[in-house]
Amino acid sequence: MTETPIAIEARNAVKSFGQGAVAVRALDDVSVQIRRGEFFTLLGPSGCGKTTLLRLIAGFETPTSGQILLGGEDITHLPPNKRPVNTVFQSYALFPHLSVAQNIAFGLEMQNRPRAEVAATVARMLALVQLEPMANRKTSQLSGGQQQRVALARALAPTPKVLLLDEPLSALDLKLRKEMQIELKRLQQETGITFVFVTHDQEEALTMSDRIAVMSAGHIQQVGSPRDIYTRPANRFVASFIGETNFLTGTSDGTRVVLGNGAAVDVTAPKGPVTLAIRPEQVRIAGVDGGGMPATVASTVYFGTDTHLHLTLSDGTAVVARQQSPAAGGIDAPKGAQVGITLPTDALQVLGE
Amino acid sequence: MSSAETKAEAARTRSAWLLSLPALVVLVFAASGPLLIVLAYSFLTPGQYGNVVWDFDLSGWIGILYTKDIFDGTWGLADAHLTIFWRSVKLSLMTTAITFAVGFPTAWFIATRPAKQRAFWLFLITIPFWTNLLIRTVAINEVIRNEGLLNTSLIWLGVISEPIRIIYTDTAVLIGMAYVYLPLMVLPLFAAIDRFDMRLLEAGYDLYASRLRVLRRVILPIVKPGIIAGSILVFVPSLGAYVTPRVLGGGKNMMIGNFIELQFGQGRNWPLGAALSMTLLVVVMVALLVYVRAANKGDNPHG
Ligand SMILES: Nc1ncnc2c1ncn2[C@@H]1O[C@H](COP(=O)(O)OP(=O)(O)O)[C@@H](O)[C@H]1O
Ligand SMILES: [Mg+2]
């Protein structure tokens, strides 16, 4: 199998702001390869360096050390107007003195493309984002969602090698955000352009991406497909940031891990103290007296089809189990009930710190 | 509606008018009164020792462009007047251009300082306003005259051996006016640049525009209202400038303002002075209209 070519790559990128004692290391030795034509997401909490990485790729900042490569070529010191990379800004940054069509034409005109080509591309872009009737409006006369689409069309019009999107949906309300998520995915598939998408919303990342890089404190913690990241989190940070997770500490003898409550599970892990993670939906409730580890129901939270059971093991460890609500066929375990739980071996993840 | 209500309504309207009457009277007399007097004087006959004689006469208006030969009494084109008009327009346009060229970077600099420092820089810009115009102009004289600060320093540094003659030339007037009117350009430009969203610069660079094209295609069109306001605030008083050309231009390099003053003083031709004033007023208003129209035309997409 041939590897997909790499569209953009960061090699040991470091970015510090400020000098001496007040210096902030926004990116600390970040290396990542983004493949051509993929929908790649940078996911992490606010302040972890996502925008900084995007700005290094766009050329608005130069790395303190390290390199940025586009199609294998070193572009670290190329100014933004010389990079075939466009950005959809969080604030949209539409030109207020230009109409919708003129905004979309801007990049093409700056590249000195022929008039006829500019007109044709603008028409195609207007159709792509379904804004034909708005072509001659000022951007201030548009709704948030429409402005968002103009920003997208403007950045896509020059057919960049890579499109950068910095939390483009965060200013929209929930319903519009869901619509735009689908729209963005469609645009990416129709144009085949590499998208680098920034978000702090894990659900958005999981539903839209081909691959995700989870970041925290200037580091990339894990890169992988949404399924990889969700089912095989590399460390405690990734496991807790993506979805809900139960953490169980224990001691490994190499092939078995003995948990705090004395129960043992057959998991291969390096000898010594280990942390295991398991998703709430993978915790099995064996029944009120059906065996397994004894646990007490501390509280229940009803979510409609699902119910979350907050359980306490015999050593006091808290475990959340998600199961179908009794009406949908789940076990009826009210507060205070004694239940038995089992932890399927293949659902248990051994975490590195 | 009952007739009582209509009456009450009418009474209210009447009392509103009565209340604003003092303001209206002041407006009419203070604003249009003097103008009407000037307009009337422009159609009268000059008195022997200044003042006017109340006889209808068009010679004030004709005198704008023509002069009467003192020997044979025939009318001929007044070259000297045309020179003065041309110099006034030329110097005012150049003053506007210079204040823009200096004022734009200045305003940009101030607008991009941290918020705390801006008040300080704006304060520096407005300091000259605190001093009398005449004193400021004499100070410029002190800098540029033959034995002034500039020439003595340059000679002392060995750059030149003879003083450069600037004083009492058009250049001197230009330097003086640019200095005096610079704040009037900087302040509206600052207000416009301050409102400018700096994130648009990155959007411009991102979309393949060079620095120069970002300036031309993004910054200038967006801060245009500030440019228009600044240009008007500089051009209009420049055209009517009196003190600066008088002090720095000497007697010879007159501008319209000095020429008008001359008619009311030594020239003893009040109707000509009045006609010149009215002409200046009309020319400025027409020029402004044309300028603002032309400046706003580009705004209209596909227009
Ligand atoms: N221009 C700057 N000057 C100083 N510190 C900055 C600058 N830009 C970002 N930072 C700091 O770098 C860190 C990462 O910021 P950023 O990349 O914006 O995070 P994110 O986009 O993930 O929220 C933060 O601590 C932020 O305060
Ligand atoms: Mg950010």
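Colleague: Which residues are around ligand 1?

Modeller: In this predicted model, the residues around ligand 1 are A:Phe17, A:Val24, A:Ala26, A:Pro45, A:Ser46, A:Gly47, A:Cys48, A:Gly49, A:Lys50, A:Thr51 and A:Thr52. By class, this shell divides into five nonpolar, five polar and one charged residue.

Colleague: Which polar atoms of the protein lie beside an oxygen atom of ligand 1?

Modeller: A polar contact is read from a pair of N or O atoms within 3.5 Å. Here a backbone N or O atom of A:Gly49 lies 3.0 Å from an oxygen atom of ligand 1, and a polar backbone atom of A:Lys50 is 2.9 Å from an oxygen atom of the ligand. A:Thr52 takes part through its side chain, where an N or O atom is 2.5 Å from an oxygen atom of ligand 1.

Colleague: How much of ligand 1 does the protein bury?

Modeller: Ligand 1 exposes 560 Å² when taken alone, and the protein buries 59% of that.

Colleague: Which elements give two or more residues to the shell around ligand 1?

Modeller: They are strand S2 (24-35) and H1 of chain A. The largest share, three residues, comes from H1(A).

Colleague: Let us turn to the interface. How many residues of chain A and of chain B are in contact?

Modeller: Contact is judged by heavy atoms within 4.5 Å. On that basis, 30 residues of chain A are in contact with 19 residues of chain B. The area buried between the two chains is about 2,200 Å², and carbon and sulfur atoms give 59% of it. A:Asn81, A:His97 and A:Met110 supply 27% of the area that chain A buries against chain B, more than any other three residues.

Colleague: How many salt bridges and polar contacts are found between chain A and chain B?

Modeller: For a salt bridge, one looks for a side-chain nitrogen of Lys or Arg within 4 Å of a carboxyl oxygen of Asp or Glu. The rule finds two across this interface. One of them joins the side chains of B:Arg217 and A:Glu109, at 2.7 Å from N to O.

Terms used
Residues are numbered from 1 along each chain as its sequence is written. Chains are lettered from A and ligands numbered from 1 in the order in which they are written. This is a predicted model: local features need pLDDT of at least 70, side-chain atom pairs count only at pLDDT 80 or more; totals for chains, interfaces and linings use all residues. Side-chain values use heavy atoms; hydrogens and water are left out. Buried area is the accessible area (1.4 Å probe) that two parts lose on being put together, summed over both. A residue is near a molecule or strand if one of its heavy atoms lies within 4 Å of it. A polar contact is a pair of N or O atoms within 3.5 Å; within protein, one must be able to donate a hydrogen and the other to accept it, and residues adjacent in sequence count only if both atoms are side-chain atoms. Accessible areas come from the Shrake-Rupley method with a 1.4 Å probe; for residues, only the protein chains shown count as cover. Helices (H or I, at least four residues) and strands (E, at least two) are DSSP runs, numbered from the N terminus. Ala, Val, Leu, Ile, Met, Phe, Trp, Tyr, Cys and Pro count as nonpolar, Asp, Glu, Lys and Arg as charged, and the others, Gly among them, as polar.
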